[in-house]
Amino acid sequence: MAMKQTSAFKERSGKTSVDSHLLSFMEKCLESIITTELFHPVLKNYVISHSLPQIYEALLIGLFVQCPNDPLIYLEEKIKELQSKMKNYQLHMPNERHLDLSWDMLIDDEFRQQMTKMIGSYLNYLFDLESGEVLAPQLYEKAYFFHSNGLLRKCFCAWKWYIRKVRKWQMKMLQYTLKAEKFYTTKTLKVTFQMWMKWVQFQKMRQALAAQHLQHVSDQLLCKIILQLWSALAKQTRKTREYFERLERGELDDESDTQLAPPGDIKDIISLLPWSVILQVFSYLGVKELVRAAKVCQVWKVIAQTSSLWSKINFSPVRKQIEDNDIANLLRSFRPFVIQLSLRGFSNIGWATFKSISDCRNLQDLNLTECANLTDEFVSMVVEMCTSLLYLNLAYTPISDGTLRSLSKFGLNLQYLSLAYSKKFTNKGLNYLATGKGCHKLVYLDISGCTQISVRGFRSLGIGCSDIEHLVINDMATLTNSCITAMVSYYYNLTTFSLLASPHISDAAIKALVQGKRITKVKIEGNQHISDASFKMISKNCPNLNHIYVSDCPRITDNSLKSLATLKYVTVLNISDCISITDGGIRYFMDSHSASKLRELNLSNCIYITDLSLLKIAQRCQSLTHLRLRYCERLTDSGIEWLGNLPVLNTIDLTGTNVQEQGLGSLSNNTRITEFTVAECSGVTDIGLQKFYHKMYDLGYLDISHCLQVSDLSTKTLAFCCRRLISLNLTGCPKITDLSIQYLAGVCHYIYFLDISGCVNLTDSIFKFLKKGCKRLRVLKMLYCTNITQEAVKAVTNVQHLEYNDENPPLWFGYDNKGNELVTKKEDEET
């Protein structure tokens, strides 16, 4: 025990350990002593008489506590010290045999106070020299805790072994359970697969029988076709043989019109058609397609170079691919046959092109709209050489007074002239038209947007072009009554006029236009000065009026329709945005003679009309083909049901109305509808659209934009029933997904226009479907498509016009970028 205490003390003191050789020597000595037979009396007396245990214990404890640098020298010194003490003790006390030695006698005072006092001696106990308590109470306590920890460790190991065994058993049971479930599932699948195999075999047998039957029918039809072709060939062969036999007998002269069979190397179906049919087919091809067709074979080259196919040339679709010299070469090749030529939107043509145009002496129609580099010299060169020119369109061009001067000299036969939005010519140029010898045969004049013209210029137009029949003056914010009066006082043959977006004219201008004229077409828009008096004069002076377009004129009331009710030949009536019109005015007009002849009717934004007007329309307008009721909010399904009874109605616009499932189901009774619009109708659902699509086999144009309830369910019905769809607008339909595009692309192969703006659930996968199924797609709009990436859009090459951005939908769309509807403050308060 003392050894343990000294060792612990050494560790606390931090001194170096005793030399390992000495320790091993002492351990061997102790082992030899212990192993010796201690119960021999002589040895025992010797040990007791010489106090060997006490000396050994004192030396050992002193050695461990002091930790000298050289243990041997330390032991030698201490043994000599004990010998001297023993001699002194025997000299002073000769009668005492034992030296009183303690276990800490060789320890210095500075270490002795830190040692724990021992009860008894461990070596005395070892040599059985004395009895009694050997260990201190602290040692018993440590021994007790050591024994307890040993028992606890054994219990913990036993518990751990038990838990491990339980877990192993549980894992084993789990494996057995999984094997059982797998076995059961496999057995169930096996039974199901066997039943499915039997069903598949039965279906294959039925399909094989059906295929055999169809093959038999196909073989019969094929045999019939082969016999017909063989018969035709035999007849032609016999005819050819007879021709040569008659030729050998001299029965035919040189003027015989008998024709031989076509060459045997002609195998394409186009070449076998009659010549008139071939030309009709090739007439639908553009310039680019005709050039390609000429490279197919010799026969197609002859067809593509037919003069009638090059009488009308439109270079506008290929304005970005064709160069100036290419146009010049084509025109030079077919200049005797060119009658109609369009160069709309060209900005890269120059002198070579216009020199070739001037060589087309039979040119009658020339369209130079939006040609940015057009100059007066080019126009003068063309007009001077093309004396047969009848139609000339110079809208949106930078021409000046020099062009008008050339027209006044050389435009002797010109009948159609458009100067719309060409703002560089002045009144001086119009004066050339009045004083020159040209342009006196004009019957159509368009000067829309030419705000630089003053009253003097309008008077010059009236003097120089007195035979005008069709006058178009749109977007003229500077147009006044004096301008109209100064010009139309010379027009005695005026039949149509258009004054769109001319806000400053009033009833006086309308009176000057219709007084003593044979007006048949009137177009007025965006005017707050024209009142019912104008239409009273129109109905009085223009009995042959058949086209009435009056939009956004708030002073027009029911009295105007009452005045127009006296007319007998009205076929087009547009009174959109005339917010003062009510059911009374509609009733007046529907009771007139024109109601039965009416073909187009536009009542958009006439907010006061109700279902009574629709009832009158359904009863009286049996020839109606186009009907627009945009934002007529008082209309309901009860009135819309009547529209399904109109026999020839093919275009209907119900944007912003309250049409619902019942109304859509009633409209399906009219199977002639080809253009249908229900944009911004909150009541439109998949069920209603499915009822409508069911019979719409000829539907070509559909607009269901901003109908938030429309989903893939109705699109599936649309693709199944409406396979002739050409234009589709799905803007603002957040529930539309890639599945809808897959439905449409798989069946509707004629789609030309597609607008999917705001369809936030569409992804890049739609391009794969569109590329495979919609090969005729040319216009694609994808604004606010957040899940479509720009990399996928860049890969689209078969679309001529593409609009795209990945911004979040605007707030007025009514939903966020994930398709969740936005709740307004009013709805939130109600909730």
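Predicted model: local features only at pLDDT ≥ 70, side-chain atom pairs only at ≥ 80, totals over all residues.
In this report a strand is a DSSP run of type E with at least two residues, numbered, like the helices, from the N terminus.

## The chain as a whole

The protein chain is made up of 831 residues, of which 42% count as buried, and its secondary structure includes 31 helices and 20 strands. Where contacts join residues at least 6 apart in sequence, 72% of them link residues that are at least 24 apart. The accessible surface of the protein chain amounts to about 47100 Å², and carbon and sulfur atoms account for 55% of that area.

## Two pairs of packed helices

Two packed helices are described by the angle between their axes and the distance between the axes. The table gives these values for two pairs in this model.

| Helix pair | Residues | Axes come within | Crossing angle |
|---|---|---|---|
| Helix 15 and helix 16 | 401-410 and 427-435 | 8 Å | roughly 0° |
| Helix 27 and helix 28 | 712-721 and 738-747 | 9 Å | roughly 0° |

Because angles under 35 degrees count as roughly parallel, helix 15 and helix 16 are described as roughly parallel to each other. On the side of helix 15 the contact involves Asp401, Leu404, Arg405, Leu407 and Ser408, which meet Lys428, Gly429, Leu430, Tyr432 and Leu433 of helix 16. Sorted by class, the residues of this contact comprise 5 nonpolar, 2 polar and 3 charged.

Several residues of helix 15 are also buried, namely Asp401, Thr403, Leu404, Ser406, Leu407 and Ser408.

For the second pair, the axes of helix 27 and helix 28 come within 9 Å and cross at roughly 0°, which makes helix 27 roughly parallel to helix 28. Helix 27 contributes Asp712, Thr715, Lys716, Leu718 and Ala719 to the contact, while helix 28 contributes Leu739, Ser740, Tyr743, Leu744 and Val747. In this contact of helix 27 with helix 28 there are 6 nonpolar, 2 polar and 2 charged residues.

Helix 28 has its own set of buried residues, consisting of Asp738, Ser740, Ile741, Leu744 and Ala745. These residues lie on the same side of helix 28, because the arc that they cover around the axis is only 155°. The partners against which the buried residues of helix 28 pack are helix 27, strand 17 (727-729) and helix 29 (766-773).

## Asn729 and other single residues

Asn729 counts as buried because its relative accessibility is 15%, and buried means under 20% relative accessible area. When residues up to four places away in sequence are not counted, Asn729 touches Leu702, Asp703, Ile704, Ser705 and Asp755.

Ser592 is likewise buried, with a relative accessible area of 5%, although Ser592 lies in a loop, between helix 22 (583-590) and strand 12 (600-602). Its neighbours within four places in sequence set aside, Ser592 is in contact with Ala565 and Arg620.

Asn325, which is found in helix 12 (residues 324-333), counts as exposed at 53% relative accessibility. Between the C-alpha atoms of Asn325 and Trp351 the distance in space is 9.7 Å, while the two residues are 26 residues apart in sequence.

In Ala501 phi is near 55°, a positive value in a residue other than glycine, and the residue sits in the loop between strand 8 (496-500) and helix 19 (507-514). Ala501 counts as partly exposed, at 31% relative accessibility. In Glu680 phi is near 60°, again positive in a residue other than glycine, and Glu680 belongs to the loop between strand 15 (675-677) and helix 26 (686-693). With 38% relative accessibility, Glu680 counts as partly exposed.

Note on methods:
Residues numbered from 1 in each chain as written. Heavy atoms only, no water. Axes fitted to C-alpha atoms, helices over the stretch in contact; angles between N-to-C directions. Helix = DSSP H or I, 4+ residues; strand = E, 2+ residues; numbered from the N terminus. Parallel < 35°, antiparallel > 145°, perpendicular 65-115°, else oblique. Contact = heavy atoms within 4.5 Å. Nonpolar A, V, L, I, M, F, W, Y, C, P; charged D, E, K, R; others polar. Buried < 20%, exposed > 50% of the residue type's maximum accessible area, 1.4 Å probe, protein only. Areas by Shrake-Rupley, 256 points an atom, 1.4 Å probe, with all protein chains shown as cover. Arc of directions from axis to C-beta.
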